[in-house]
Protein chains: 6
Amino acid sequence: MTGSNENILHYVDGPLFVIKLNKPQSLNSLTGLDYLRLAELVDKADNEPNTYFTVLQSTGRFFSSGADFGDISSKAQSQTNETELEKWLTNFLSRNVYVTSVFNRHKKILICCLNGPAVGLSAALCALCDLVYAMNDKVFLKYPFMELGLVMEGGTSVTLPSKLSSNQVTDTVLFNKNMTYEQLQGRIVTRNYNLNDANEFNERIIKDLKSRSKDIYLPSILGVKKLIAANYVDSVHRANSLEATDALSFWLRGEPQRRFQILKAKLRKHKM
Amino acid sequence: MTGSNENILHYVDGPLFVIKLNKPQSLNSLTGLDYLRLAELVDKADNEPNTYFTVLQSTGRFFSSGADFGDISSKAQSQTNETELEKWLTNFLSRNVYVTSVFNRHKKILICCLNGPAVGLSAALCALCDLVYAMNDKVFLKYPFMELGLVMEGGTSVTLPSKLSSNQVTDTVLFNKNMTYEQLQGRIVTRNYNLNDANEFNERIIKDLKSRSKDIYLPSILGVKKLIAANYVDSVHRANSLEATDALSFWLRGEPQRRFQILKAKLRKHKM
Amino acid sequence: MTGSNENILHYVDGPLFVIKLNKPQSLNSLTGLDYLRLAELVDKADNEPNTYFTVLQSTGRFFSSGADFGDISSKAQSQTNETELEKWLTNFLSRNVYVTSVFNRHKKILICCLNGPAVGLSAALCALCDLVYAMNDKVFLKYPFMELGLVMEGGTSVTLPSKLSSNQVTDTVLFNKNMTYEQLQGRIVTRNYNLNDANEFNERIIKDLKSRSKDIYLPSILGVKKLIAANYVDSVHRANSLEATDALSFWLRGEPQRRFQILKAKLRKHKM
Amino acid sequence: MTGSNENILHYVDGPLFVIKLNKPQSLNSLTGLDYLRLAELVDKADNEPNTYFTVLQSTGRFFSSGADFGDISSKAQSQTNETELEKWLTNFLSRNVYVTSVFNRHKKILICCLNGPAVGLSAALCALCDLVYAMNDKVFLKYPFMELGLVMEGGTSVTLPSKLSSNQVTDTVLFNKNMTYEQLQGRIVTRNYNLNDANEFNERIIKDLKSRSKDIYLPSILGVKKLIAANYVDSVHRANSLEATDALSFWLRGEPQRRFQILKAKLRKHKM
Amino acid sequence: MTGSNENILHYVDGPLFVIKLNKPQSLNSLTGLDYLRLAELVDKADNEPNTYFTVLQSTGRFFSSGADFGDISSKAQSQTNETELEKWLTNFLSRNVYVTSVFNRHKKILICCLNGPAVGLSAALCALCDLVYAMNDKVFLKYPFMELGLVMEGGTSVTLPSKLSSNQVTDTVLFNKNMTYEQLQGRIVTRNYNLNDANEFNERIIKDLKSRSKDIYLPSILGVKKLIAANYVDSVHRANSLEATDALSFWLRGEPQRRFQILKAKLRKHKM
Amino acid sequence: MTGSNENILHYVDGPLFVIKLNKPQSLNSLTGLDYLRLAELVDKADNEPNTYFTVLQSTGRFFSSGADFGDISSKAQSQTNETELEKWLTNFLSRNVYVTSVFNRHKKILICCLNGPAVGLSAALCALCDLVYAMNDKVFLKYPFMELGLVMEGGTSVTLPSKLSSNQVTDTVLFNKNMTYEQLQGRIVTRNYNLNDANEFNERIIKDLKSRSKDIYLPSILGVKKLIAANYVDSVHRANSLEATDALSFWLRGEPQRRFQILKAKLRKHKM
């Protein structure tokens with residue numbers, strides 16, 4: 001498997017396959033390899049015969065602050081004999097297409113436990129989940145595509161308008177706003193646990209899911225998922241190919257790299 | 001026509017064709033034949049040249065508590081020379097496909113007057129209506145597919161995600177929750193009459209519809225229905241075939257029968 | 001399982017699951033129960049882990065002359081306490097919807113070996129197959145829906161226009177013409193074995209398939225089927241619900257029953 | 001260009017192309033020619049290489065009270081050698097199809113600044129915009145299609161159900177209700193400026209948009225618009241052809257003309 | 001009704017509604033008003049309760065040579081106070097959208113009897129028919145959109161690729177080639193009468209259709225048409241709005257007018 | 001730009017942008033980098049304002065024998081610190097998705113000049129072209145996905161069934177057959193030049209295209225392409241994401257690598 005096991009933990013607990021982001025020190029920013037590792041684990045859960053719920057959890061203050069700036073900067077500056085096209089095919093397009101597709105084709109119930117904000121591709125994956133739980137009303141999603149000189153990715157051009165309204169999505173994405181708990185609740189977030197501790201939040205969800213699983217006929221879960229997914233799977237595949245290949249031209253113009261560089265500098269300053 | 005006229009009443013009143021569930025003693029639980037009778041009446045309204053509104057009303061405390069457990073149990077236990085496949089084709093698939101299709105192809109405005117909760121297939125039919133009015137904020141819809149070892153039916157895998165969001169539908173259906181008035185209002189329910197008496201509620205709606213019909217050009221009604229329905233009719237047909245044939249495999253495994261049996265026993269206990 | 005094992009044989013041979021219609025004396029006309037039995041076998045093949053090809057073969061002069069007139073007539077005349085609606089839901093709609101859906105959702109390569117003509121629902125199932133082989137250029141498909149006072153069924157309103165052109169389908173179906181080998185070849189039939197003996201034809205195909213299977217990576221077969229089927233599965237489901245519920249109104253008017261009766265009489269005369 | 005420049009003003013300001021309705025005395029009711037002029041300006045903005053936002057603003061108390069009754073009445077009564085079909089092809093169908101299509105194919109961000117109510121085709125165009133801002137909570141949209149003996153137009157049979165729910169749209173359109181700020185907010189309106197002066201409102205938006213444009217990579221705007229629009233452009237085109245040709249039969253029956261005439265008389269009375 | 005009755009004749013004969021182009025001297029070139037008249041007659045047939053087949057026939061050497069050049073030239077040169085946009089909305093867009101939609105929504109079987117070539121919009125309408133019969137193998141269809149500085153119209157961007165292959169359509173349309181009998185047969189033309197006299201051809205078809213109608217259950221005809229049309233009606237509506245509004249920009253640039261003028265001059269020369 | 005200019009030549013000639021595969025010694029087998037280079041050139045043509053036709057030509061006996069076995073083998077055996085997932089994301093998925101998308105989104109007329117057979121991804125790209133010309137009747141397309149332990153790629157799960165019939169495609173792909181000129185003509189190939197010399201063939205096409213371009217209004221070309229492409233662009237994007245991510249699991253199992261290795265060995269033997 002790809003990537004270090006320390007960054008993303010996982011375990012099986014009855015009908016649950018739990019995947020936990022474990023980079024609290026960096027607000028769970030994820031490198032390209034981390035995203036691949038995450039997708040591999042989600043796929044592993046798909047093939048686990050006794051798994052009915054794939055539960056994404058995290059640690060610390062953020063669910064995930066998105067792509068690791070340092071990772072992108074080091075790729076942008078790396079001196080290889082690759083052309084720019086090859087570099088961004090490898091480091092952007094292939095990973096985005098793969099991760100998005102793995103989430104889109106998942107046959108189990110995908111649950112995202114928002115202990116805090118999710119940003120960028122991580123927030124896109126959250127919008128691909130079947131259920132999203134919030135630790136409290138401070139969580140938000142952020143899609144900083146415009147700030148980064150990119151376009152929508154991770155299927156968001158389909159998932160967000162289908163869950164919210166297209167006007168609200170345009171407003172939020174275009175002007176780089178947070179998608180707040182008020183906007184998310186009832187549309188993306190279906191339960192607010194009103195807690196302040198990530199560990200307690202994570203444990204409560206595990207307990208709840210195990211308790212609820214007792215009353216229901218487990219094979220029906222996969223049947224319901226299949227029927228609901230039939231409404232959007234094709235559209236997300238269509239968007240996946242379109243989004244990723246459209247975005248590539250932005251990477252080839254160099255704008256995202258330049259903007260990631262600036263943000264990284266800001267971040268360093270901020271830390272000092 | 002199928003079924004007894006006593007269980008489901010109907011009459012024509014100007015541009016309205018009113019159909020009334022009349023089994024308050026059983027909370028308007030419906031047998032397979034009752035559902036067929038209901039569909040026949042809805043189809044009759046479709047062919048009535050002066051009908052513009054098909055109004056579904058009910059009596060007593062529930063709009064409809066869904067499938068009659070006793071009816072299903074007696075089918076499950078009947079000793080005929082049918083195979084299990086034949087039995088459930090007749091008693092489940094054929095009726096669900098037909099009733100769902102009759103509601104889906106209806107050319108008049110279908111109005112559901114929720115004097116109380118609607119459950120199961122009855123709640124699915126409510127989600128196929130163009131307008132839903134609530135007697136008060138105590139009404140709810142319930143889709144106990146998981147509890148019964150089934151999957152979504154009656155077009156709900158399309159209608160519910162298109163009216164609510166797919167996350168909210170997944171949460172409610174998967175964990176067998178009530179879909180409360182708060183969730184329904186503005187999305188499925190468009191008016192709350194804030195009343196406590198079913199008769200008064202039913203009469204007020206009839207009066208309102210007749211009064212409103214005076215100001216509008218009646219043929220425009222069918223034109224508007226046709227244009228809005230063009231967005232979903234094909235998808236509901238697609239789901240109808242998929243849902244019903246997927247569910248059949250659950251009936252063939254015997255799980256729904258077993259669970260209906262348990263619920264029937266609980267109900268009997270509860271009454272004693 | 002449904003129906004007598006004598007009428008429809010089956011066996012497993014390596015990657016093949018062979019199903020053989022075995023009513024040559026009646027030109028393999030099939031009763032409602034025969035069609036259910038056929039669908040059950042196709043479904044059984046779908047669940048057989050080592051099956052990659054589901055091969056439909058037949059015996060005698062016809063692949064299948066379609067619905068058994070006697071079966072339909074006896075249903076039409078049966079004195080039960082069912083209403084007409086119940087009778088035709090059970091004897092027409094439920095079976096057509098189920099059989100069509102089982103063929104449509106099949107995950108293996110479905111192969112129809114036309115040793116002779118196929119008629120009616122049997123011809124519709126042939127149009128749902130991935131591969132159709134002809135014994136010689138005398139085979140044809142016939143869709144006598146107009147002659148029987150019916151409409152298109154078994155997904156033919158989608159499968160035929162997608163494989164032939166809609167004008168050609170309209171011409172053939174509307175005027176009750178044979179769809180000849182010339183029309184079928186290259187569009188539905190992909191190989192003509194130029195043989196005159198059904199046994200030899202059936203054996204040659206088995207031998208060919210087994211020989212060809214050796215060179216190819218078997219899991220790729222299911223991958224190719226899934227990708228090609230993604231183009232039409234939803235449309236066939238949509239048509240399945242629409243066709244079956246539209247046709248029901250024709251059965252309720254009694255026209256198909258009347259016409260089957262006439263054809264049965266003609267057939268009897270012809271035999272004398 | 002079509003129509004007088006006085007009625008609809010426009011200017012370019014950096015990345016903005018501002019179009020302003022300027023008939024406050026008639027509550028910005030628009031003649032057929034005014035709508036064409038508006039569409040031409042929107043198209044002009046589409047071809048302006050430095051434009052990223054096309055901003056529709058208005059003046060006075062209403063954003064636009066919809067079609068000019070006098071204009072329609074004078075057409076209805078004009079004595080030409082045209083047949084009724086020719087007359088309404090020219091004065092209704094061609095304009096509606098063209099204006100709707102121009103809005104639907106627009107590649108820049110379309111922003112509607114609701115200084116007050118929008119009615120009829122103007123309200124339909126508002127529902128085709130990517131962003132809608134409200135001056136305060138007194139704004140509303142009104143679709144008086146039923147009152148006028150018409151059906152849904154301007155793509156509303158697609159845009160409204162996709163942004164609100166189909167039940168809510170049916171209720172509002174069928175019974176000629178205002179679509180209030182409460183219904184619009186979060187679904188169509190994404191920001192309420194809480195102001196009372198149209199000029200101040202218009203200026204504030206211009207200032208906000210210019211300020212926000214500074215932080216974002218402008219080419220990304222067009223990329224985001226393209227990806228979100230991919231979800232609905234085809235459906236709106238489908239509805240455009242269907243709505244306009246369906247409505248024509250209502251014009252040929254003379255009902256809308258009769259009703260516009262009555263409304264015009266009422267309006268005159270009201271003014272006296 | 002629109003237009004002179006002499007140019008387009010019609011009569012009812014049992015289940016047939018026959019419409020006959022009657023301008024043999026101009027090879028049945030049609031003015032804008034002629035096309036409207038044709039559409040009105042097709043719509044009249046749709047509303048005729050006893051009509052099952054709407055039969056389009058013609059006279060002389062051509063089925064129809066398409067738009068009347070003189071008519072277009074006179075419009076192009078007319079001095080009115082219309083802008084160019086208004087002129088071509090009236091004289092091109094509104095008519096094309098309406099005629100295409102009337103053919104697309106037709107509920108009866110539309111039959112085109114090709115006594116000779118069909119060109120331009122007339123050839124587009126032929127491609128919207130359910131059945132096309134050829135008098136002999138000299139008939140062809142011609143879509144001179146490129147020669148005229150236009151784009152595909154009359155739904156041809158959908159109908160032609162669905163009946164032929166998109167490569168063949170691209171080749172024929174792009175390079176202004178005749179679509180020959182060899183290309184049409186089996187895909188658009190389903191029968192060749194091998195005759196040389198238009199009257200005899202027309203009569204034979206009438207006789208054939210009446211004879212064939214006797215054996216079939218007439219209501220089944222409308223059922224089959226509805227099911228087959230469900231495959232394409234939405235796509236043709238989508239194309240109708242897109243094609244017509246795209247083409248308008250070509251008319252506004254003046255290229256088609258210029259090219260019609262040249263062709264008209266050539267034609268005059270040719271006649272001398 | 002990516003890759004050596006020697007392998008793929010290009011030049012602009014009036015409205016033509018000509019791209020020529022120039023590796024005749026290896027039958028124009030293409031490495032991963034060659035495919036990227038080809039896509040870049042196709043994209044360059046898309047952005048060339050005076051280009052209307054993008055013409056793909058080749059040299060020697062084959063148009064292209066597909067993926068270079070040596071290139072794949074060396075990747076399979078390379079010792080890097082990449083995981084298998086990373087390796088095949090870079091060397092398979094990213095390239096296939098990108099190249100397919102570039103062809104699918106192309107706005108000019110794409111012409112493939114088959115001087116000989118095309119195999120694999122090269123044959124897939126041929127099926128994405130608007131026009132395909134054959135040098136003679138010995139050309140064929142070959143999709144050896146099954147032989148290689150893969151599934152359909154390059155959009156072929158959509159393009160081939162839409163141009164041929166799904167049965168014919170299944171037969172050809174599943175059993176690794178050549179798609180012969182007889183199958184291609186009229187469906188994919190629209191003209192056979194009946195020549196034996198590749199240079200002469202290439203020159204004749206250039207001359208023909210330049211000559212034909214004179215009579216037509218060039219902007220209409222892009223309009224026709226846009227309208228026809230509207231039928232399939234979304235489906236090809238959907239398939240692109242699905243095909244590439246499905247295929248990845250085959251690469252991860254190692255089967256294609258093993259089979260490419262065997263084929264490479266056979267080829268070496270064959271040359272000795």
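1. B:Thr170 sits in helix α6 of chain B, which covers residues 166-174; helices (H or I, at least four residues) and strands (E, at least two) are DSSP runs, numbered from the N terminus. The model is a predicted one, in which local features need pLDDT of at least 70, side-chain atom pairs count only at pLDDT 80 or more, and totals for chains, interfaces and linings use all residues. Residues are numbered from 1 along each chain as its sequence is written, chains are lettered from A and ligands numbered from 1 in the order in which they are written, and side-chain values use heavy atoms, with hydrogens and water left out.

2. With a relative accessible area of 4%, B:Thr170 is buried (under 20% relative accessible area, with exposed over 50% and partly exposed in between; 1.4 Å probe, protein chains only). Not counting residues up to four places away in sequence, B:Thr170 touches A:Ile109, A:Asp130, A:Leu131, A:Ile228 and B:Phe175, where contact means heavy atoms within 4.5 Å.

3. B:Asn28 belongs to the loop between β2 (16-21) and β3 (29-30) of chain B, and its relative accessibility of 0% counts as buried. Leaving aside neighbours within four places in sequence, its contacts include B:Leu21, B:Ser58, B:Phe62 and B:Gly66. The C-alpha atoms of B:Asn28 and B:Asp68 are separated by 8.6 Å, although the two residues are 40 residues apart along the chain.

4. The same surface serves both copies, since 100% of the contact residues of chain E recur in chain D.
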